[in-house]
Structures are given as C-alpha cells and as structure tokens.
Amino acid sequence: RDMGISTPGAAGSGSSSSGSSREGTSPVQLAGSRGGAAVADASAAVRAMSLRSLNASQDVIYERLPADIAERYVMLMDPVLSTGNSGCRAIEVLLNRGVEEEKIFLLSIIASPQGVSRVCSRFPDVRVVTSEIDDTVDDKFAVVPGCGEFGDRYFCD
C-alpha cells in the first residue's frame, strides 16, 4: 500500500507490503554473506535465502530458496564482486528457478570493473548496485586495492 515517508532531510512517498510472501523480496546470500538476515529482520514480507559458495568448477554446493522464488524480487548479495563468475552462476540458478531477470538485483560492497562488465553483459536486465568500483582484479582473482578477504574482516577481529 502507498504511504508517506518522513526523513530528517525531506518527506517522500513509498509503499508498504502487507506481508504476503508474493509481495516480498528474498535476499539471497552468496559465500556466507550476512546481509540477508539483517534485511529479513526489517520486514515480515522478506525471507532470507542462501545460495552457498560455488566451487572452482562453478557447481552450486548448497541452495536454499523458497518454492515461490519466481514470484519475488531477489537481492543477490555478494560482498565483493571480483570476476563476476559466482554472481553469473547464481543468476543462472535463479533464472532456472523461474525468476525474471529484471527482478534480480546484485548487491555488493566493492566490485571490480571486470566483474560488473561480466554480469551486465551476460544479464543486461539484472541491476548491479555497489558502493565502490575498485581498479582491477589481480592474478589471484582478488579485487585491487579491495579490502582483503571479506569473510576474515567480517567474522574475525
């Protein structure tokens, strides 16, 4: 339903979900990302799901998606978009489950130009949202300058 939104800077408009699963969004986490749980805590209409890391041959080794995933908008969360290979493979899984390409948002904190290019060229209707695009990917497939290993930064001191 439509509703007004008040922020310290200005008033605006938005919408609120009734909580029906068909109106909701599913954040799908890659590589142990924890962002989906926080998003799911914000609304009853959001159900966090997992698509576990892919191995070197791009096989999905764990998948937990709702039966109605094809009727949802999907926030595919990958903290660091490096080569784009994992993101592309995850998008393929979602498309095979019936999710429309224009309903997929790939969210990252840091991305490389190569990763963004790979995802956008293969899936032009997927929206890629990142806070930063770094310089490149090195020979170990890490974003440079990047942030190091995201999992180490998130889970360790």
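**View 1. The aromatic pair of the model.** Searching the whole structure turns up 1 aromatic pair, where rings of Phe, Tyr and Trp (its six-membered ring) pair if their centres lie within 6.5 Å, and planes under 30 degrees apart count as stacked, over 60 as edge-to-face and the rest as tilted. The two partners are Tyr73 and Phe105, whose rings are tilted, with 6.5 Å centre to centre and 40° between the planes. Because Tyr73 lies in strand 6 (residues 73-77) and Phe105 in strand 8, the pair ties together parts that are 32 residues apart in sequence; helices (H or I, at least four residues) and strands (E, at least two) are DSSP runs, numbered from the N terminus. From C-alpha to C-alpha, Tyr73 and Phe105 are 7.9 Å apart in space.

The model shown here and in the views below is predicted, so that local features need pLDDT of at least 70 and side-chain atom pairs count only at pLDDT 80 or more, while totals for chains, interfaces and linings use all residues. Residues are numbered from 1 along each chain as its sequence is written, and side-chain values use heavy atoms, with hydrogens and water left out.

View 2. Strand 6 is mostly covered, with 4 of its 5 residues buried. It pairs with strand 8 in the parallel sense over 4 bridges, pairing being assigned if DSSP finds at least two bridges between two strands. Within this pairing, Val74 stands opposite Ile104 in strand 8. Asp68 belongs to the loop between strand 5 (63-64) and strand 6, and with a relative accessible area of 13% Asp68 is buried. The side chains of Asp68 and Arg72 are joined by a polar contact of 3.2 Å, that is, a pair of N or O atoms within 3.5 Å, of which, within protein, one must be able to donate a hydrogen and the other to accept it, and residues adjacent in sequence count only if both atoms are side-chain atoms.

**View 3. The unit of strand 8, helix 3 and strand 9.** Strand 8 (residues 104-111) and strand 9 (residues 127-133) run parallel and are joined by 6 bridges, and Phe105 has Arg127 as its bridge partner in strand 9. Together with helix 3 (residues 113-122), the two strands make a right-handed β-α-β unit, where right-handed means that, with the strands pointing away from the viewer, the path from the first strand over the helix to the second runs clockwise. Pro124 lies in the loop between helix 3 and strand 9, and Pro124 is exposed, with a relative accessible area of 62%. Although Pro124 and Glu102 are 22 residues apart in sequence, their C-alpha atoms are 8.6 Å apart in space.

View 4. Helix 2 (residues 85-96) has 12 residues and reaches 17 Å from its first C-alpha to its last, close to the 16 Å expected at 1.5 Å a residue, the expected span being 1.5 Å times one less than the number of residues. Its buried residues are Gly87, Cys88, Ala90, Ile91, Val93 and Leu94. Val119, which is found in helix 3, counts as buried at 0% relative accessibility. The C-alpha atoms of Val119 and Cys88 are separated by 5.9 Å, although these residues are 31 residues apart along the chain. Helix 2 is followed by Gly98, whose phi is positive, near 95°.

View 5. Phe141 is found in the loop between strand 10 (136-137) and strand 11 (143-144), where its phi is near 65°, a positive value in a residue other than glycine. Phe141 is exposed, with a relative accessible area of 59%. Val80, in strand 7 (residues 80-81), is partly exposed, with a relative accessible area of 23%. Between Val80 and Ala142, 62 residues apart along the chain, the C-alpha separation is 8.8 Å.

Note on methods. Buried means under 20% relative accessible area, exposed over 50%, partly exposed in between (1.4 Å probe, protein chains only).
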